[in-house]
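Let's go through some aromatic rings together, one label at a time. Each label gets checked against its cut-offs.

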Amino acid sequence: QVQLRDSGGGLVQTGGSLRLSCTASGRTFNNYAVAWFRQAPGKGREFVARISRSGITRTYAESVEGRFTISRDHVDNTATLQMNSPEAADTAVYSCATGSPAASDHYYEYENWGQGTQVTVSS
């Protein structure tokens, strides 16, 4: 199975930027789609972004499109989420996940998960 570790969270000011990383170990994850989800206190798990196994197709939640960018590196088996101009509503625990090429924007479609990294946005 693919083992994931996500990192890069922290405290960021509104209008700043932050980059989250997802590193895979064990088996290659080049044959999996990769997605980022987030969960704020008292809220359900929310889809943020997805990248296809080829790295060509990218999908974003409407709330983050134009501000966040997802990417992946097939040589290093990593994926990133670049967060530009974060807002207070972006405060949450962010987790990366892998799934089959058919996995879309529902958390239950993904099988392997990172441990989560906290992102806090302050004004």
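Q: What makes W113 partly exposed?
A: Its relative accessible area is 25%. Buried means under 20%, exposed over 50%, and partly exposed is in between (1.4 Å probe, protein chains only), so W113 lands in the middle class. A word on the basis: this is a predicted model, where local features need pLDDT of at least 70, side-chain atom pairs count only at pLDDT 80 or more, and totals for chains, interfaces and linings use all residues. Residues are numbered from 1 along each chain as its sequence is written, and side-chain values use heavy atoms, leaving out hydrogens and water.

Q: Why does F37 count as buried?
A: F37 has 2% relative accessibility, which is under the 20% limit, so it counts as buried. Y110 is buried too.

Q: Why is the pair of F37 and Y110 called edge-to-face?
A: Rings of Phe, Tyr and Trp (its six-membered ring) pair if their centres lie within 6.5 Å; planes under 30 degrees apart are stacked, over 60 edge-to-face, and the rest tilted. Here the centres are 5.4 Å apart and the planes sit at 70 degrees, so edge-to-face it is. The pair links distant parts of the chain, with F37 in strand β4 (residues 33-39) and Y110 in strand β10 (residues 110-113), 73 residues apart. Strands here are DSSP runs (E, at least two residues), numbered from the N terminus.

Note on methods: Helix = DSSP H or I, 4+ residues; strand = E, 2+ residues; numbered from the N terminus.
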